[in-house]
Amino acid sequence: MSREPPPYARPRPGVQPPYLHREYGSTVKRAPSRALLPLQQTLSEITGPRFRDEPELVDLTRQGKGEALGQRIIVAGRLLEEGGRPLPRALIELWQCNAAGRYLHGKDQHDAPLDPNFTGVGRAITNEKGEYRFLTILPGAYPWRNTANAWRPAHIHFSVFGPAFASRLVTQMYFPGDPLLPLDPIYNSVPDEAARRRLVSAYDPALSEAEYALGYRFDVVLRGRESTPFEDDR
Amino acid sequence: MSRHAATPSQTVGPFFRLGLDRPEWNDLTRDGARGEKILIEGRVLDGDGAPVDDAVLEIWQADAEGRYDHPEDARRADPGFRGFGRAMTDEAGRYRFVTIRPGRVPGWEGSLQAPHVNLTIFARGLLKQLVTRIYFADEPSNDSDPLLTGIADPAVRCTLLAARQDGGAAWRFDVVLQGKGETAFFDL
């Protein structure tokens, strides 16, 4: 018999949001009412899809006839496992609203202009060091109807595939210093403050391109295996 | 503090179609998979029984011989089978996958699990994904599957069983997020 492979580690307390978070109204009718059932991980959970041949779409500023409007930004970082191992050849899908705070989506009713030269869609495959890089524009804040006069802080949606079904992650990247962050129930659904701050990108002058674009660094860290030594804990 | 601590999940929101819509991905057989071709279809419903029209469902499953196309599985999987699918619900909360019926997959200590499809649900109002499994109601090995037999309440266990429609290729699997008939979700 072969040795049983190590499972993916349990999330540390406070890192992941709960299902029910009443301040975010949409959770009230969608959060399960029963406790989740325990699952002993098997080959089904420690395997997952791979997407090495997906075409990349890493420049969101030149998807139309002209240039997208707004502040050009570079969003780059590394995809890692807990413990720090880089995850190469992984698919990252990204979507965002435009500089005016409007999504190219039929359900977006916000009275702000669409930009004919901006779709807000990106896709990257991490390189051998687990790195990715997008050129896009700074998304605007936009109103939503969660409570009266509520506004979402500027954010970019990330969908990330790690090595396994168990490491799948969808999240949002925010921007440093945004005054809407302390008021946002989605951002604040993460109980642990340090974990919450990991959703906020860092302005990185070394990533900025002179006379062209501002650089924001955002590393994404996925669940690691239980046997993974935490290099930070040494 | 740990520098390489996990990134928290955030909701996929209502506008994910923009970034995640890959219509061809709901057909896992599009490269000519071997095995019994089936449809898995159903609805996603909320705690009021109302259709959830903004959910994205992803499946991951073994091929007809129970093999995963992944380095953790030493066996060579069917190169014509994708293993992964994605579908989005329509205005009535309906989704549909075209796939093949998976084989039995290795479990713990040399055992075999009953055939199943791993399912992830993302939606507006879900701050992190829900995870469940789709089993096939007519499958004899369900009676010895450790996960299914470990669920004491038959009504809860029943929520994991897809039902064959009219003896054909279509299997029905509804996802009830909350309340009466709530689907069994797993703490992965």
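Where in chain A is A:Gly64 found? The structure is a predicted model, in which local features need pLDDT of at least 70 and side-chain atom pairs count only at pLDDT 80 or more, whereas totals for chains, interfaces and linings use all residues. Residues are numbered from 1 along each chain as its sequence is written, and chains are lettered from A and ligands numbered from 1 in the order in which they are written.

A:Gly64 lies in the loop between H1 and strand S2 (72-81) of chain A, helices (H or I, at least four residues) and strands (E, at least two) being DSSP runs numbered from the N terminus. A:Gly64 counts as exposed because it has 12 C-beta neighbours inside 10 Å, where exposed denotes 12 or fewer other C-beta atoms within 10 Å, buried 20 or more, and partly exposed a count in between, with C-beta atoms placed from the backbone. Residues up to four places away in sequence aside, A:Gly64 touches A:Pro116, A:Asn117 and A:Phe118, contact requiring C-beta atoms, placed from the backbone, within 7 Å. A:Gly64 and A:Pro116, 52 residues apart in sequence, are separated by 6.9 Å from C-alpha to C-alpha.

Strand S9(A) is mostly covered, with six of its six residues buried. A:Leu169, A:Thr171 and A:Met173 point one way from S9(A), while A:Val170, A:Gln172 and A:Tyr174 point the other way. S8(A) and S9(A) run antiparallel and are joined by six bridges, pairing being assigned if DSSP finds at least two bridges between two strands; A:Val160 stands opposite A:Leu169.

Between the chains, 70 residues of chain A are in contact with 58 residues of chain B. Two bridges join S1(A) to strand S12 (residues 186-187) of chain B in a parallel arrangement, and A:Pro38 stands opposite B:Asp187.

How values were computed
Two residues are in contact if their C-beta atoms, placed from the backbone, lie within 7 Å.
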